[in-house]
Each structure stands twice: as structure tokens, then as C-alpha cells.
2 protein chains.
Amino acid sequence: MHRSRIGIVLVDHPEEHAAEGLAFWAGVQGVTPVREDSPEYHSLGTTGSLHLAAQRTGPGTQPRVHLDIETDDVPAEVARVRALGATIVEERRGYTILQDPAGVVFCVVPVQTGDDFEREARTWE
Amino acid sequence: MHRSRIGIVLVDHPEEHAAEGLAFWAGVQGVTPVREDSPEYHSLGTTGSLHLAAQRTGPGTQPRVHLDIETDDVPAEVARVRALGATIVEERRGYTILQDPAGVVFCVVPVQTGDDFEREARTWE
């Protein structure tokens, strides 16, 4: 038994456009970006109980939005979404990058949002 | 003075993968998809106060996630995000497709989420 929810929306910007992309979404939200522990991530506040963040990605990478599914058991959630038809793109330390059956990239990550996760995560048997 | 918020997350699937893409995200959410008025859209419930939907897009289009900013004044919100650096991709009846300074596509749409919008939208002077 484990829990998960879609908890984070990330806007990915290639580094050559990362500064203006970050400033843009901060303006959309009306917030000041907060740099996270890892310098390529900035928090852009919340939209409801979802957390919005910007990620600076490598030069020439595709600008995009991706979703993070947060979970209290990454291997169990990866197994669940693989059984639903996802395929693994890359396993990283502590989290996994996958794509859906049509090629939409998303990640399965450890719990990021604390109380929001506790309130809203679903339990999977 | 108008109001807006990021209110809807859409997963866009080209029609050749739309059925399995829709089934996948319904499974992630643990819901049964609900077909909306327009046959290319299915609601996939909520994640917190954000609404999740799948969109079937044209053959060969890029699978992706996009965000909808909902607002009580589409022209005013389009003007606001253009002033922040967005550019218009296409104006459609009642809504506008734009991209951020890095090329991330999003839409500005009329209010879709009723009470959630009322509770959470920000007011812009």
C-alpha cells in the first residue's frame, strides 16, 4: 500500500531562455521566485494545492511543462504507472523520469509538498 | 481590474495515441474520464483545486502538457501576459493560445472552474 498525487507542475526552460522564462511565470503568478537548494530550480508559489516551479534545463532542450507525481514509495509508484503503460526514460538518484504511452514526459518523485500531500494523496492497494 | 489563475492542466495527445494516453492518465488519477461537450476533451478530475483534462490533438502533433490560465476578462489577461513577455500563437473564438519567452505554449481561457476560481483567483489592477 502506498500513496501518490500529482503535486508539482514544472515549467522547463533551456538555459539560453531560462532567465526570461522564470521572470515571465513569476509575473503570471505575481510572486518573487525562490531559489531552491538545487540552483536550476525556482519555486513560483502555488496554484491551489499544486506547487509551481521553473527548471533550467540544458542548452537546446525543448521548452515544456511537465508534471511530477509525488509519492511515499517511489519504486511502488513507478511500478503502478508502468503497469498503466508508462515507460522509463531515466532513473536518477531518488526519482524516475518516465513517459506516458504517447510520449508525454513526467517524473515520479518523493513527497515534496508536506501537508498538501497528506491531505490529498490517494492510497493505492 | 480583472482576475485570473492557473486553473487547468491539460495533457495533449496526438490522435493516434489519444486513447491510450487518456486511459493512462485516468489510471494515474484513479478516475473514469468524463467526456466534455467538445469530443476532443475529457475531464480527469482534479488534483487539488486544479482541473486535469486530456485533449486529443491532430495527427502527428507533439505530445505535451499545457496550462490554461482562466480569467474573467480574456482580453485584459492576454494584455497582462503579453506585457510580461508572452507572444500570441493564435486567437480562437473565446480564447487565445500564446507562448512564453522560451516557447512554452499555454492558453488564456474564460473561467472554467467556478467556485475554485472564485476562491483562488488573483486580482490584477
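## Basis of the values

In this predicted model, local features need pLDDT of at least 70 and side-chain atom pairs count only at pLDDT 80 or more, while totals for chains, interfaces and linings use all residues. Residues are numbered from 1 along each chain as its sequence is written, chains are lettered from A and ligands numbered from 1 in the order in which they are written, and side-chain values use heavy atoms, with hydrogens and water left out.

## The interface of chains A and B

The size of an interface is often given as the accessible area lost when the parts come together. Here the two chains bury about 3100 Å² between them, 71% of it on carbon and sulfur atoms; buried area is the accessible area (1.4 Å probe) that two parts lose on being put together, summed over both.

The rule finds 16 residue pairs in polar contact across the interface, both residues at pLDDT 80 or more. A polar contact is a pair of N or O atoms within 3.5 Å; within protein, one must be able to donate a hydrogen and the other to accept it, and residues adjacent in sequence count only if both atoms are side-chain atoms. Helices (H or I, at least four residues) and strands (E, at least two) are DSSP runs, numbered from the N terminus.

## Helix α1 of chain B

Helix α1 of chain B covers residues 18-29. Its 12 residues reach 17 Å from first C-alpha to last, close to the 16 Å expected at 1.5 Å a residue, the expected span being 1.5 Å times one less than the number of residues.

Nine of the 12 residues of α1(B) are buried, so the helix is largely enclosed by the rest of the structure. Buried means under 20% relative accessible area, exposed over 50%, and partly exposed in between (1.4 Å probe, protein chains only). Among the buried residues are L22(B), F24(B) and W25(B). After the helix comes G30(B), with a positive phi near 70°.

## Salt bridges

Over all chains the count comes to 14 salt bridges, each a side-chain nitrogen of Lys or Arg within 4 Å of a carboxyl oxygen of Asp or Glu. Across the interface of chain A and chain B the rule finds zero.

E120(A) forms a salt bridge with R5(A), their closest N and O atoms being 2.8 Å apart. E120(A) lies in helix α3 and R5(A) in strand β1 of chain A, so the pair ties together parts that are 115 residues apart in sequence. E120(A) is partly exposed at 27% relative accessibility, whereas R5(A) is buried at 6%.

In chain B, E77(B) and R80(B) meet in a salt bridge (2.9 Å, N to O). Both lie in helix α2, three residues apart, about one turn of the helix, and both are buried.

## V109 of chain B

V109(B) sits in strand β8 (residues 105-110) of chain B and is buried, with a relative accessible area of 5%. Y95(B) is 14 residues from V109(B) in sequence and 4.7 Å away in space, C-alpha to C-alpha.
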